[in-house]
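Let us read a structure together, one feature at a time. Keep the viewer open as we go.

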Amino acid sequence: MAKTITVQYLNDSIERLKKIEKGDWIDLRAAYDYTIKKGEFTLIHLGVAMKLPDGYEAHLAPRSSTYSKFGVIQANSVGVVDNSYCGPSDWWYFPAIALEKDVEIKKGDRICQFRIMEKQPDLKFVEGKMVDKDRGGFGSTGTK
């Protein structure tokens with residue numbers, strides 16, 4: 001059964017959300033024009049606030065083409081939005097850093113994407129030794 005997400009849009013000019021046909025992620029767009037100077041950080045307003053279903057959170061990440069098209073990276077690598085972040089002022093943003101050059105991002109440019117994930121289940125941690133077969137430690141899977 002489909003889960004319901006209530007979306008508040010910044011204004012009527014923001015493109016309405018829809019799931020992309022070839023994938024499980026949903027694109028988000030810049031709500032305004034931005035000029036970011038090389039080395040600068042800015043929060044790109046995405047024009048949406050959402051109430052996620054109970055028991056779910058959103059994972060926000062750059063689109064695969066974000067760096068090649070715009071020269072920006074997401075400052076926090078991956079954003080996590082829990083379902084309690086849902087007030088009328090809880091707008092979603094993309095924290096961008098321009099790495100190599102000055103950047104122009106236009107209103108409506110697809111800059112990042114999100115997907116809805118179930119929250120982590122209740123966990124219990126117990127102390128113990130690792131006894132399974134050793135894989136060789138960090139970075140041990142090779143280069144080929």
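**Reading charges, surface and fold**

Q: Is Asp12 buried or exposed?

A: Asp12 is exposed, at 73% relative accessibility. Keep in mind that this is a predicted model.

Q: Which residue forms a salt bridge with Asp12?

A: Start with the general idea. Side chains of opposite charge can pair when their charged atoms come close. Here the partner is Arg16, and the closest N and O atoms are 3.6 Å apart. Arg16 counts as partly exposed, at 38% relative accessibility.

Q: How many salt bridges does a search of the whole structure find?

A: The search finds eight. One of the salt bridges pairs Lys18 with Glu15, with 3.3 Å between the closest N and O atoms. Lys18 is exposed at 56% relative accessibility, while Glu15 is partly exposed at 40%.

Q: Which side chain meets Arg29 in a salt bridge?

A: That of Glu15, at 3.3 Å from N to O. Now place the two in the chain. Arg29 sits in strand S2 (residues 26-29), and Glu15 sits in the loop between strand S1 (6-9) and S2, so the pair ties together parts 14 residues apart in sequence. Arg29 is partly exposed, with 26% relative accessibility. Through shared partners, salt bridges join Glu15, Lys18 and Arg29 into one network.

Q: Which residues make the nonpolar surface patch of about 370 Å²?

A: A patch residue needs over 30% relative accessible area and no salt bridge. In this structure Phe41, Leu43, Tyr85 and Tyr93 make the patch. Take Leu43 as the example. Leu43 is in strand S4 (residues 41-45). Leu43 is partly exposed because its relative accessible area is 42%.

Q: How many helices and strands are in the chain?

A: Count elements, then read their order. The chain has one helix and 11 strands. From the N terminus on, the order is β-β-β-β-β-β-α-β-β-β-β-β. Next, look at contacts. Among those between residues at least 6 apart in sequence, 76% join residues at least 24 apart.

Q: What is the radius of gyration of the chain?

A: Compare the value with a reference globule. The chain has 19 Å, whereas a compact globule of 144 residues would have a radius near 15 Å. Along the principal axes, the C-alpha atoms fill a box of roughly 55 × 40 × 30 Å.

Q: What share of the residues count as buried?

A: Of the 144 residues, 31% do. The accessible surface of the chain comes to about 10200 Å². Carbon and sulfur atoms account for 51% of that surface.

Note on methods: Residues numbered from 1 in each chain as written. Predicted model: local features only at pLDDT ≥ 70, side-chain atom pairs only at ≥ 80, totals over all residues. Heavy atoms only, no water. Patch = residues over 30% accessible without salt bridge, like charges linked within 9 Å, V, L, I, M, F, W, Y side chains within 5 Å. Areas by Shrake-Rupley, 256 points an atom, 1.4 Å probe, with all protein chains shown as cover. Salt bridge = Lys/Arg side-chain N within 4 Å of Asp/Glu carboxyl O. Helix = DSSP H or I, 4+ residues; strand = E, 2+ residues; numbered from the N terminus. Buried < 20%, exposed > 50% of the residue type's maximum accessible area, 1.4 Å probe, protein only. Rg over C-alpha atoms; globule rule 2.2 N^0.38 Å. Contact = heavy atoms within 4.5 Å.
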